[in-house]
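Okay, thanks for coming, everyone. Let me put the structure up, and then I'll walk you through the spots I marked.

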Amino acid sequence: MRWFVRQRTVSFNLISRRAYAREGLFLRVCRAVCMAAFLFCHPVFAEDYPLTRPQKLTPQAEKVVEQLGLGSWIWTTNFQEKQTCRFWKSIDVPANDPVRRAVLRITADNSYHLFLDAREIGEGSNWKALTEYDLTFLLTPGRHVMAVDGFNDGREAGVLLGMRIALASGKQLDVVSDDSWLVVPNTAHRWLSRSRPDAEWQPATIVGVVGQNPWWVNPVNIMTPPTLQPYELHFWKTTWFLGAVLSICIVALALSLWLAAKLALQTRAQELLDVERARIARDIHDDLGAALTQLVLQSEVAQTEFPETSTARGHFSQFCSRARAASQALDEVVWAVNSKRDTLRDFSSYLCKYAQAFLSDTAIRCRLDVQPGMPASVFDLSVRRGLLLAVKEALNNAAKHSGAAEILLRINKEGENVIVVVEDQGNGFDPEAVGGAGNGLQNMMQRLQDLGGACQITSGIGAGCRVEFRMPLAHPASRGGFSLRSLFNSQNGDTHERHDLDGQ
Amino acid sequence: MTPHRVETKAPQFSTESPLKIALVEDKRDVRESWAKLINSFPDFICMCKCASGEDALRTLPPLQPDVILMDIFLPRMSGIECTTRLKNELPRTPIVMLTASDDDDLVFVALQAGADGYLLKRTTPADLRSALIDVLTGGAPMSSEIARRVVESFRQKPRGHDDNIRLTAREEETLMLLTKGYSNKEIADRLGVSIETVRSHLKHIYEKMHVQSRAGAVARYMSGNHVGQS
């Protein structure tokens, strides 16, 4: 529309230049008359004012307005091209008269965003069509804030809106676009959720009625989006719940970081401990062991320098066997603390050697049955030590009481357990009768149970004796040294370990 | 070479010439003590004392000792390496390892490297003497644990094309009995053979182990140097 006006203005300017050139009074008068007539007929264009002025509704348009419950085209007076114009209005739904149905129809030249209580209801950019929003479920009793964010690209500008609310009582409320809407300055913040208008906000201007040129009398199309449902606020969407989840996450993260740091430290400490153990074992072995060996050899040599019958030779002989025993004991200690020997394979070979050496002093033959290809699985130090003591005890009992000619030592691995059996075909005993205290059996069983193992004794008078030990490869309380308990409670773990040592 | 020693089954160390023992040990006191102990036996003489593996490689081959006693830990060249090299020079001379502790891993490696037996350093003079006799008349005694490892090592190898590194049924039976804790005497009784036969089985087992490990070494290093000797 504005384009048309400008063209005309330009043509008048051309005429007037020619007229001035001729300095003709008649022409000047003619021009003035024409201009006056034009201005009279088109006051808006003459002011170069882009907004349309409302006219009277035609009867046809009146019918449409009545049927659809529409208002007028509204805009702000400060017209600009590419302009955003915000409209705001609050409505009150009566508390004692709930809404039965509420339908809002809206369009804008050129586009709009519609909000209800700061929630975006919809948008549109076709001024030829109406959009019909069903807001029945959103208009709860109480105050609601409607807001429209309109945009005009150029030329005519306007927003047309009408909401028809049918109340339960049968009454009908119409909210339409008119000058009761307020224009919100574009600089205002959070205007969508304002429940009260600002004093500076100016009322909207009615720029046209339905059916006024260039707008339609009947909309080309009425679009109906699905009925809008109120937001359902589930408990997991509430702030306190999200806050709680967030804080739990933070706490968990912090805890896991702390545990990881502690684990790393502990792993490092364990490594250092292993290295230190190996070093001590090596030192003892190299220095003390070599010195003892030397003692044994030198006293053996010294012994030969005395006549066979002399008492000194007897003393040296005794000295020799003592030093030999000390050397052997030293080997055992080194074996026990050497972390290189923490495997099932080493344990089984050590146990066999021990049994053979122990029984070689007696008349009893030692028979071994070791699972071939015993794996080099890691065997926890405390369990290893406990099992060794228990097997020694069983061997001792068998050697002392069984009267058998042969003792069988059987070692097997079953899953994550090691099974050691000490078996003889000797006198046997009645487990019921001996079950009481005093024979070390109770102690033995208790010790193994503490370490997560089990001990089963099968015997009968004249039926031999079979003692079966079943031990886990790792101590249940310190599996790999990484259990949570050991992390949280390293102090207790230490005392436990010390207790084990004392137990020997 | 003196082939009669290894082939004979009856002890031949009674009267005329005492058997010559060579000793490789780095600690002077220990070396002297061992020498005195050996010399205290009427039928043995300590003919040579070496302080290092390098020394042993230089002096021992021309002297041709009857038995070499070798410390397993030697500075620079280890006893195990020295054993391997000496075996190339003196393939028929038995070498007995001396170890301070009863470490099966180490002993087994030494046996594979060519040792014919092993002794704990704290062993009694009587045991030392019988071990020397054992190694001269056949194989040195083998503990059940070492026997177990030998069995495993022979089972692990894929069946070789060389019959020398396969055990005979009797040898395997002997080994199995050893793993079960039987002594040489008990094995002899059980198999109905003499104790000398058991020792000779052991001797062959030791030899096959050397061949086997050398064959393995050849395969590993792709080197033909050791093949001529074996």
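Predicted model: local features only at pLDDT ≥ 70, side-chain atom pairs only at ≥ 80, totals over all residues.

Residues are numbered from 1 along each chain as its sequence is written, while chains are lettered from A and ligands numbered from 1 in the order in which they are written.

Let's start with chain A and its cis peptide bonds. Going from Asn213(A) to Pro214(A), the bond is cis, with omega near 10 degrees. You'll find Pro214(A) in the loop between strand 12 (205-208) and strand 13 (221-223) of chain A. The bond from Asp109(A) to Asn110(A) is cis too, with omega near 15 degrees, and Asn110(A) sits in the loop between strand 3 (99-109) and strand 4 (111-116).

Next, positive phi. Ala118(A) isn't a glycine, yet its phi is about 70 degrees. Look for it in the loop between strand 4 and strand 5 (119-124) of chain A. Is Ala118(A) buried or exposed? By my cut-offs, a residue is buried with 20 or more other C-beta atoms within 10 Å of its own, exposed with 12 or fewer, and partly exposed in between, with C-beta atoms placed from the backbone. Ala118(A) has 12, so it's exposed.

Over in chain B, Gln64(B) also has a positive phi, near 50 degrees. Gln64(B) is in the loop between helix 3 (53-63) and strand 3 (67-71), and it's partly exposed, with 15 other C-beta atoms within 10 Å.

Staying in chain B, helix 9 (residues 184-191) has Asn184(B), Ile187(B) and Ala188(B) buried. Those buried residues fall within an arc of 100 degrees seen down the axis, so they line one face of the helix; the arc is that of the directions from the helix axis to the C-beta atoms. Just after helix 9, Gly192(B) takes a positive phi of about 70 degrees.

Last, where the chains meet. The contact, meaning C-beta atoms placed from the backbone lie within 7 Å, takes 22 residues from chain B and 26 from chain A. On the chain B side, helix 2 (28-40) and helix 7 (144-156) each supply at least two residues, and helix 2 gives the most, with seven.

How values were computed. Helix = DSSP H or I, 4+ residues; strand = E, 2+ residues; numbered from the N terminus. Contact = placed C-beta atoms within 7 Å.
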